[in-house]
Amino acid sequence: MNQQAKGADASLIEFLWQGASSSGRRTRGEIRAISSEEARAQLRRQGIHAVRLRRKPTPLFGRGASITPMEMAMVTRQVATMLMAGVPLVTTLQMIGRGHDKEAMRSLLGEILLQVEAGLPLSKALRPHPKQFDDLYCDLVEAGEHSGALDQVFDRIATYREKAEALKSKIKKAMLYPTAVIVVAVIVTVILLLFVVPQFEEIFASFDAQLPMFTQLVIQLSRFLHLAWPYFAGGLIALIWGFIQAHRRSQGVRDKVDALLLKLPLVGPILNKGAVARFSRTLATTFAAGVPLIDGLESAAGAAGNAVYRKAVQSVRTEVISGLQMNMAMRTQGVFPDMLIQMVLIGEESGSLDQMLNKVANIYEMQVDDAVDGLSTLIEPLLMVVIGSLVGGLVVAMYLPIFQLGSVVG
């Protein structure tokens, strides 16, 4: 009973309220309760009529910060470990909820715990929280409840989440390096043109001599940037803002960006391999958990992370529904690599589709890892070459007149 009380305490939510007391005096304050209805009930028992009640916002940083996907993966692993050790589900949720150092996670687990204690299946208790538990997560838990192997399903979900987050981190790392090259190169060039070149221009004004063409070009570029930089900066900000808004609101724009990213040099192959790995891992996890293949393909389409692969998987799903074997349906798309198709063929014939897909996912995750390491090795000298060329070119342009003047004097 004491443990249940502690678990319930961990699940309490903080609310901010404004209202009036029984005497009509306006007042405000904070209250902790399981839900907004319970908070209003507590206030009524205190003789307070709540006019406004809202959940207390969590800070951006610190103990109340939002829950990250990696933290959800860690909690899933904890649940899997405790369930496999024979700890009951309710006790598992109580212990993890009490022991977590983040208030948002304690509140989330507390709400789920109360619903499970009230007799609601865990899969249904998870669905009101789609940010932390997507449809794939809930479907897998539901399959585990039906099969009586919830511990094994949580182990698969934990493995899937851990590998998915690791893969996402590697792909972000791959995207970061080319972006860093461009940003650093632009910043260095702008600083030199705005602050360094004008100093040399004042010196050249006293030479009373014809400047080299390269030097004149750099000086004209510096003058133009001095005059136009507010318009240039404003236009760049407007362009970026417009692109972000279009990407957020238009599915067509997002699809075109996804297709373009796959064609980029260096980064494109990594994104392709990452999409194949996510598709394979998701489908293997759902199939091994007992989710029907049709439903698993629907989940895998969303988990692929790219519109090109999402549409291809949806087409495969449609053809599988019509009776075509999955490997044949995949071959007609022209998107999936031959190795994946061959492994799916072997898996379908041998009845070990989940094992074959897991092997494919492992292979492509290793390839992504190797490609990111190779890209990192390539980008570092490339960064030096690009910045060195820009800085060196500007330095040469500024010193050419001085060299020419020295030769004339000599």
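How exposed is arginine 127 by relative accessible area? Arginine 127 is partly exposed, at 32% (buried is under 20% relative accessible area, exposed over 50%, partly exposed in between, with a 1.4 Å probe and protein chains only).

1. Basis. This is a predicted model, in which local features need pLDDT of at least 70 and side-chain atom pairs count only at pLDDT 80 or more, while totals for chains, interfaces and linings use all residues. Residues are numbered from 1 along each chain as its sequence is written, and side-chain values use heavy atoms, with hydrogens and water left out.

2. Salt bridges overall. The whole structure holds eleven salt bridges (a side-chain nitrogen of Lys or Arg within 4 Å of a carboxyl oxygen of Asp or Glu).

3. Aspartate 139 and arginine 127. These side chains form a salt bridge, 2.9 Å from N to O. The pair links distant parts of the chain, twelve residues apart: aspartate 139 is in helix α7 (residues 135–147), and arginine 127 is in the loop between α6 (122–126) and α7 (helices are DSSP runs of H or I, at least four residues, numbered from the N terminus). Aspartate 139 is partly exposed, at 28%.

4. Aspartate 155 and arginine 77. Their salt bridge is 2.6 Å, N to O. Aspartate 155 lies in helix α8 (residues 150–205) and arginine 77 in helix α3 (residues 69–84), so the pair ties together parts 78 residues apart in sequence. Aspartate 155 is partly exposed, at 25%, as is arginine 77, at 23%.

5. Glutamate 162 and arginine 77. In this salt bridge the closest N and O atoms are 3.0 Å apart. Glutamate 162, in helix α8, is 85 residues from arginine 77 in helix α3. Glutamate 162 is partly exposed, at 30% relative accessibility.

6. Network. Salt bridges link Arg77, Asp155 and Glu162 in a network.

Key:
Helix = DSSP H or I, 4+ residues; strand = E, 2+ residues; numbered from the N terminus.
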